[in-house]
Amino acid sequence: MKKGQIYEGIIERVDFPNKGMIYIPEEEKYVTVKNGIPGQKVRFMINKFKRGNGEGRLLEVLEKSPLETREPVCSIFPACGGCMYQTMSYEEQVKMKEGQIHRIMDPVVKGDYIFESVKESPKEFHYRNKMEFSFGDEYKDGPLSLGLHKKGSTYDVLTAADCQLVHRDMNQILSCVLAYFREWNVSYYKKMQHTGYLRHLLLRRGDTTGEILVNLVTTTQEEHDLTELKEQLLELPLEGKIVGILHILNDSLSDVVKSDETRILYGQDFFYEKLLGLQFKITPFSFFQPNSRGAEVLYETVREYIGDIENKTVFDLFSGTGTIGQVLAPVAKKVIGVEIIEEAVEAAKENALRNGLSNCKFIAGDVFKVLDEIEEKPDVIVLDPPRDGIHPKALPKILEYGVDRIVYISCKMTSLARDLEMMQMAGYRVEKMTAVDQFCETVHVESIVLLSHKSPDSKINVKVEFGEDDDKISLNAIAERAKKYQPKPKITYKMIQEYVEKKYGFKVHTAYIAEVKRSLGLTMYDASNAVEELNQPRKHPPKEKVEAIKDALKYFEVI
Ligand SMILES: C[S@@+](CC[C@H](N)C(=O)[O-])C[C@H]1O[C@@H](n2cnc3c(N)ncnc32)[C@H](O)[C@@H]1O
């Protein structure tokens, strides 16, 4: 098998997150091909090898899958990679995700555990309460577009006027904003040249309240009077109600939606959403589960898994706007939430007050540091970390409490599997697992695990003899097993700097590496000053340094 070679084959299954597995009989090997549906016959080209395994790029779907029993519901399918599975019935999507969880978790979990079927989202479509649309064009010098990136492209943007993941109010707002800027021929921001005005349209809409926050993100490179746009938006015949229109200024090089300055054009800079009878104030950038109705299923499962918490102190680590903690607070003795984004912590405190909960405390900071500083000890812990899971230095601190029960929520099952290995080594046992399909039509799913740590009821003494005889334990076998558990070597900033200097002959600052990693959505933990850097003004690396750093990240298989 060589790079550039073209094959045809049937996608036997799709592994998490988007790995179509195709068997090539003549090579007696599987290759992975992205963006396919199980059962499709496809033509693909081998484009790289990772740890000796071939990876192919899908060129053409030759035959539909028998699982594709529906017509697409949106006009930009399949060019937009967002809702890959919309031609499969929802039942089949859920089955596929269940299989993916089993294939990742079963080899990792030790002993028997209860797997409860994946819980469906109460809404299959129009479920997202938040969407980030980008401005751009569909092809070079095409008309202004506003929507989602073309599959596999960081530049081409497809207009998502009939996106079926969001409420129709959001479709109307998108069309209004696009028509307005097209009429006035306003430029969009070009990443490579760092020129232009329009960047993103961030829309948030409470599913229960119908409250809508419109956030227009632009650079400061041009000045436009947005009064007319504001008036047009307020006149739209929406089912919900616009409560705020914000103009967010962002001149950073990275493509992350963020604010250097926020101007309120209309109303307020927050909206309310209700979950399980509680009310939550949400600001433009604070994390909130994107599928409100799905989040209720998720939180009810957390409530069930955590069990009896009367008179117990609950730690809600990675607490966002404090939703999980507040769902548990009415029955707990005390809830302590820890969250790194200060804006979210402020909202959490306000939310607890509004919900009449006086037994909640929310602390701003990195879990890794905060756990050293708080005196209280938890009886049970809920973990809901970001996609990459829990930092390997923070996890031992959490496990040291030795609480009886931990509920771990994860939106990336591969990170969850890695953390479960460490948790089991520390004496925890996986009792139960399920998932909530908060992301219908897409490759994602939210997993939930209950772990318990029981002290033994009694002890027996066992004498173990090491050696190579049948009745002895082989030291070689132990060494082999230990090798399996060795963590992957950590790729430090120093290694990246040395690689770049050797290959390109120039030095790169750690802040540049941090900026490139941030722009790629990677964690920045391995910089000793990572958390401080998150709060620093951005350092804008020159293009050649960005490319050199990305090259190093590829070399070390970080990306
Ligand atoms: C998946 S969200 C969960 C939020 C919340 N539990 C919920 O259900 O809405 C993960 C949260 O962890 C926060 N976070 C990321 N890294 C963190 C860290 N090192 N320490 C504390 N919080 C962190 C993020 O800002 C985000 O709000």
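Over which residues does pLDDT stay under 50? The stretch is 525-535, and the model has 15 contacts beyond four places in sequence for it. Here pLDDT is the predictor's confidence in each residue, from 0 to 100. Two residues are in contact if their C-beta atoms, placed from the backbone, lie within 7 Å. For the chain, mean pLDDT is 91, and 92% of the residues reach 70 or more. The complex receives an ipTM of 0.99 and a pTM of 0.80 from the predictor.

The model is predicted; local features need pLDDT of at least 70, side-chain atom pairs count only at pLDDT 80 or more, and totals for chains, interfaces and linings use all residues. Residues are numbered from 1 along each chain as its sequence is written.

The ligand is surrounded by 20 residues, the closest being Phe287, Phe318, Gly320, Ile340 and Asp384. A residue counts as near a molecule if its C-beta atom, placed from the backbone, lies within 6 Å of it. Helix H5 (323-328), strand S17 (334-339) and helix H7 (367-373) each give two or more residues to this shell. Helices (H or I, at least four residues) and strands (E, at least two) are DSSP runs, numbered from the N terminus. The shell holds 12 nonpolar, five polar and three charged residues. In this scheme Ala, Val, Leu, Ile, Met, Phe, Trp, Tyr, Cys and Pro are nonpolar, Asp, Glu, Lys and Arg are charged, and the others, Gly among them, are polar.

An unreviewed UniProt entry lists Gln289, Phe318, Glu339 and Asp384 under "binding site". UniProt positions are given in the numbering used here, feature names are shortened, and annotations may be inferred rather than shown by experiment. Phe318 sits in the loop between S16 and H5. Phe318 is partly exposed, because 19 C-beta neighbours lie inside 10 Å. The cut-offs are 20 or more other C-beta atoms within 10 Å for buried, 12 or fewer for exposed, and in between for partly exposed, with C-beta atoms placed from the backbone. Beyond four places in sequence, Phe318 contacts Glu339, Val367, Leu383, Asp384, Pro385 and Pro386. Asp384 belongs to the loop between strand S19 (380-383) and helix H8 (394-400). Asp384 has 23 other C-beta atoms within 10 Å, so this residue is buried. Apart from residues up to four places away in sequence, Asp384 touches Phe318, Ile324 and Ile409.

Helix H4 (292-306) has 15 residues, which at 1.5 Å a residue should span 21 Å. The expected span is 1.5 Å times one less than the number of residues. The end C-alpha atoms of H4 are 21 Å apart, in agreement. Buried residues of H4 include Ala295, Leu298, Tyr299, Val302 and Ile306. Among the elements that cover the buried residues of H4 are H5, S19 and strand S20 (405-410). Gly307 follows H4 and has a positive phi, near 75°.

Two residues other than glycine also call for comment. Asn311 has a positive phi of about 65° and lies in the loop between H4 and strand S16 (313-317). Asn311 counts as exposed, because 10 C-beta neighbours lie inside 10 Å. Asp141 has a phi near 60°, in the loop between strand S7 (130-137) and strand S8 (144-149). Asp141 is exposed, with 5 other C-beta atoms within 10 Å.

One joins Phe16 and Pro17, with omega about 0°. Pro17 is in the loop between strand S1 (6-15) and strand S2 (19-24). Another joins Phe77 and Pro78, again with omega about 0°.
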